[in-house]
Structure formats: C-alpha cells, structure tokens
Amino acid sequence: AAFWLLRLFDMALATYAAAAVNFAVAGGAWLVARGTPAGEKRAALSGQRAAASGQRSARRWPVYVAIGLSGATALGGEVVWTRQFGMLLGATVYAFALILATFLIGMGAGSAAGAGLGKRMNPRWALGWSQMLLVLGIAWTSWQIADSLPYWPINPFLTSSPYFTFQIDWARCLWALLPAAVLWGASFPLALAAAAEEGEDPGRIVGGVYAANTLGAIAGALVVSLWLVPAIGTLDCQRLLVVLAAASGLLLIVPELARRRTAARVGWTLAGVAAAVLLTVKMDPIPGELVAYGRKMASMLGESRLVTMVEGRNSSIAVTQWNDGAMEIDVNGHVEATTEPFDMKLQRMVGEIPALLNPDPKSVLGIGFGAGVSAGTFTRYPTIRRITICEIEPVIPPTATKYFARADYDVLHNPRTRMVYDDARHYLLTTKRKFDVIASDPLDIFVKGTAAIYSKQYFEAVRAHLNPGGMFSLYVPLYESDVATVQSELATFFAVFPHGSVWGNTVNGQGYDLVLLGQAGPLRINVDRIQARLMQPDYAPVLASLQEVGVNSAVDLLSTFADSAGDLAAWTRGAPLNLDSDLRLQYMGGWGIDSSDEELIWQQMLQYRQPPYNIFSGSPQALEALNQEFAAQGQ
C-alpha cells in the first residue's frame, strides 16, 4: 500500500484493492469449507457439563489475563518504537510502513511456530515462557534503538536512490524488532491451545482469547500513547512493558511449577525473572542527538552540543547548540528552526512579507510555533492587536522560549498572544474567527502527517478564514526535496490562490527554501509605500527586526520575489494536486527525501520568471533599484 498503491495511485484504488483481497480470502474460505465435513451437532449441556464449564472458566482466566497483557505490551511497544524508530528512519510514511511490516512478519512467523509448539508441549508452560522471553526481547529492541543502531556508520546522503535507503532501513527494522514480534506472534496460538479443552465449541474459545488479546491491545495503545509517554517518558514505558511481560509469564509458570510440587524450581524461576527484570533497569534513554538529527545522527556527531531533550505527547523535542554558537530546535529527528542567519531570514520572511504587504493588519494566526521566530515577528507591528498561535505539541512553546526568547521577542509571554494547543486543520475547521494574516511554518512535507496542512482542502479552509485583503504565507523547503514534490506543492497552492506568488530565501545565491504568498485578488505592491511605512517611528521595531537578518530596506525584502502563479503555470502544469482523499504529497516527499536538488529546482523556477510589471509600482528610482536586484539574481 505505502510503496506502490498510495504512492503511484490514490486512496480509492488502494481501498478497492484491499476489498478485492478480502473477497478473494472469503471465496477461498468458502471453497475450502465446501470440502470440509461438518462436525456432529452437540447436545445441550447437562447440569454436570455446565458445572464442568464453570470449572474450565476458572482454570482459563490466567490465560485470558496473560494474552490480554501480551496484547497490551505488543501495541504499547509498537507505539513507543514507532515513535523512536521513526526518528532514525526519517519519520516518513515509509518508516511507519516498514515498522508495521516487520511487526506483522514477526507475528506471522511466531504464530506458525507457536501453533506447532502448542501440539508438542504443555501450552500453558510454553505461553508462560514466551512471555518471559519477551522480557529479553523488549530489552533487546530498546538497547538496539538507544545504544546501537544510531551509531551504525550509515550516511543516508551517500545515495539519492530511495531503493537503497529503504533496504538499509528495513534491515535495521528486522534486526531490532523481529525477536519481540516473533514472541508476541507465538503467544496467540499458544493461548488458544492453553484455553482449549476437548468437547468445547472452538468458536467460543477463539472468540474469548481473541477478545482478551484485542482489549489488551486497545488499552496498551491508548494508555501508552495518551498517558504514559508524556507522563513518564519512553524509557520508563519500556521498563513497564518488561514488568508486564514478566508478570504475565509468572501468572502461568508458577502454578505449573507448584502443581508439579517443585518448590525449588519456583524459587529459581522467580530469582531468574527478578534478575532479568533488574537487567532492564539498565536500559538507556534514546540519545538526545537522535531526537535532534534523526537519520543523520551518525554523520552529525561532534558538530554540536545537546542542551536539552523533552518528550511530549505527540513529539520529542531537542535543543542543540552548534559549534559556531547557533541554537537549533528539532522535533522528532528533524530540524524545526535555528538561529543561523539564513534560517532566521526565512523565519522572519514568513511573518514580515504578509504583515508588511497588508496595509493594516490587526489579527494574526500562526500555524506551528517552532522557535517562535515567525510568530514573534508580529509583536513588532503597532497595528496588530491579537496573535493566535496554533501548536499541536504543548511542550514546544515553553521549551523553545527558554532558549529562543531573544530571537522570537518572547512572543509566548506577549500580552497579545493567545496559544491554542490543537491540530491546525481542526482549529481552522471549527473556529469562527477570521484573520488579516495567516502564517504557516510547519515541518517539512516528507514528515508523516504534514501533508494534511499542504492539501487543497486545507488551503480552502485557510482562504475562508482570511478577512478581506488578508494574506496567507506558507513555508516550502527546497532541500531534501525533488522537482516533482515542489511542483505538486505549488500546483496545489495556486489551485486555491490563483494570484499567489513565490518568494525565495537563498544561501550564497543558491536556492534553499521558499515562502508562498496567497491572497484573494491580484497582488499589487507599491515599493515607496512599503519603504515609507518602515521609516515611520512606530515601525522602527519592524525595521530593526529586518535589519537583524540583513534586510535593510523595502527593496531588499521585495527583491526576494521570485515568480507569480502565472509565471509558473507551465512549470506546474500536470502536477498532481495534494487532496485530502489521498495526501499523495507525503508519499512523493518521502520518496525524494535524499535529494539534493535545491539549486536545480530554484534555477528551473527562475527560468519561468517574467518581469513583474503588473505587480510592483513606485518611483522610478525605487523600481530601478528593484530591477537591479532582480537582474543580479538572474546572473
């Protein structure tokens, strides 16, 4: 689904394919059933058999508890490891697909092995020891993710081919996750064998065991993701999983040993279990550098110093300081913002361009807090009365403010600021407020889930929440992306904002990232008017903010204009739109994650640039200065 159907086609085709597979399985089952003789009909249970049924239920409850705990640890472990491992693999949709595939392969293989073991040995004994071995299996995966795999000498940028990248990613998944997955897979058929007794309806046995396992899995997934990770962290979550696995194993092993009257074995078993559990206390937390640099960690070691690492409900956050003194904040293994000059300029551009081009902005919505720099830009404007910032992860704003308050003008504590901790889509679809400026500075498009705030339907929701004359700015990276991905991003944006424009942030004159600007009508900019605003006394903080990133005049800022939607119509023609119904962009972005085509993309876009005579106006001197800047970029 991830690597083929959803990447190359759409959600509808993938759904039809899944339905077709289900029909094929059903048809095969019916064909097999036609050749299978029906069992004899069982008479109603007599009172004696009913009593025996009650005795069986009393003997069966430890199996139900054990398989329920097995389900809880399996889904709890998958939640924790998907979050941790996703950082190492790049946090794309493909990382999730590889992790899930590995789990399912292990569970399938384990189920086949468990079905054979259940016929050859005491199934309760085997089920108990499968849970005990999970203590070591969970510890193995934890050790691999925290202490081994991040330090493998792998440089993901040695190749731009996703085939090689995903091969090594899958190899790492199998190495780290397969042992525990096999043991969880073996647990289910062993539980069936342990619960089964002759003469019973197998449907009731399977239904009971499956229900216990499923309820445990649901509880494990919800409790770990919504409560335990933000409350105690991923390390202690794994320690808790170890304790639960050991408890479920002991629940079955100790009665078996006691029934055999081997007290010494009980003691030795308990001592061995205690030693194994105590060994897991030595499990280490994931390195903060993994949260900071993700799949690039091995090649980035020694370039910076970890300042802090925090785990939130949705994301893990790291703050690092580079050897040149620049601060960086990272989310789930990917850079969110830095104080490097080129990044500071981009973050200011996201706020400054729409705020300056809007003649009288009063209300602002910022999507994503990051380091707070883009949102902090609006605190410099005298006319802005309300700054609403929508951020999905509650630990980001206070963590960022602690280290970036000077760069973001302490926007979190500004009296005009109102924080909304919510998903940006949900907020825009439920709020009745409208804004003069909406500035979006999200994670890069290849990060799983980010494509939802680059979709046509999301842009339509943004447009519906703009006041008349309102403007929308959107960050788009060129690095770690490819031509097809950027074309799709721009085509989707221009489908909703046909008068939109592209503004470039270059590094040493080469393409790096973009700001897209959208508004309802044609864009009209008077250069002299913008310069006059900057020279007003109450706009002195705005000018100072721009000067901090090397922008000293209106011409300097406006010269970052690159293309209009009309200019790029031919370049984006035929590019697939990113729709809510398929979110193709996250599959395209994840496929091009190892690309280094930022300058290629930038130069292709510049080839389509036309003189913006119908956009800029002003005095001859101002227009001549602006044209000189454009000409210099063209060289």
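Contact here means heavy atoms within 4.5 Å.

## Basis

The model is predicted, so local features need pLDDT of at least 70 and side-chain atom pairs count only at pLDDT 80 or more, while totals for chains, interfaces and linings use all residues. Residues are numbered from 1 along each chain as its sequence is written, and side-chain values use heavy atoms, with hydrogens and water left out.

## Nonpolar cores

Leaving aside neighbours within four places in sequence, Leu 357 is in contact with Met 471, Trp 503, Leu 517, Leu 523, Ile 525, Ile 530 and Leu 558. A nonpolar core is a set of buried Ala, Val, Leu, Ile, Met, Phe, Trp, Tyr and Cys residues joined through side-chain atoms within 4.5 Å; buried means under 20% relative accessible area, exposed over 50%, and partly exposed in between (1.4 Å probe, protein chains only).

The largest nonpolar core has 109 residues, and Leu 357, Leu 490, Trp 503 and Phe 616 have the most contacts inside it. Helix 11 (residues 341–357) gives the largest share of this core, 8 residues. Helices are DSSP runs (H or I, at least four residues), numbered from the N terminus. A second, separate core has 57 residues, including Leu 5, Ala 14, Phe 85 and Leu 177.

## Surface patch

A nonpolar patch on the surface is formed by Leu 215, Ile 218, Leu 222, Val 223, Leu 226 and Trp 227, with about 620 Å² of accessible area together. Nonpolar patches join side chains of Val, Leu, Ile, Met, Phe, Trp and Tyr within 5 Å, from residues with over 30% relative accessible area and no salt bridge (a side-chain nitrogen of Lys or Arg within 4 Å of a carboxyl oxygen of Asp or Glu). Areas come from the Shrake-Rupley method with a 1.4 Å probe. Ile 218 lies in helix 7 (residues 202–259) and, at 44% relative accessibility, counts as partly exposed.

## Aromatic pairs

The structure holds 31 aromatic pairs. Rings of Phe, Tyr and Trp (its six-membered ring) pair if their centres lie within 6.5 Å; planes under 30 degrees apart count as stacked, over 60 as edge-to-face and the rest as tilted. Phe 103 and Trp 184 are stacked because their ring centres are 6.1 Å apart and their planes at 15°. Phe 103 lies in helix 4 (residues 93–120) and Trp 184 in helix 6 (residues 162–195), so the pair ties together parts 81 residues apart in sequence. Phe 103 is buried at 1% relative accessible area, and Trp 184 is buried at 5%.

Phe 459 and Phe 493 form an edge-to-face pair, 5.4 Å centre to centre with 80° between the planes. This pair links helix 15 (residues 456–464) and helix 16 (residues 483–496). Ring pairs also link Phe 3, Tyr 94, Tyr 163, Phe 166, Tyr 587 and Trp 591 into a cluster.

How values were computed. Helix = DSSP H or I, 4+ residues; strand = E, 2+ residues; numbered from the N terminus. Patch = residues over 30% accessible without salt bridge, like charges linked within 9 Å, V, L, I, M, F, W, Y side chains within 5 Å.
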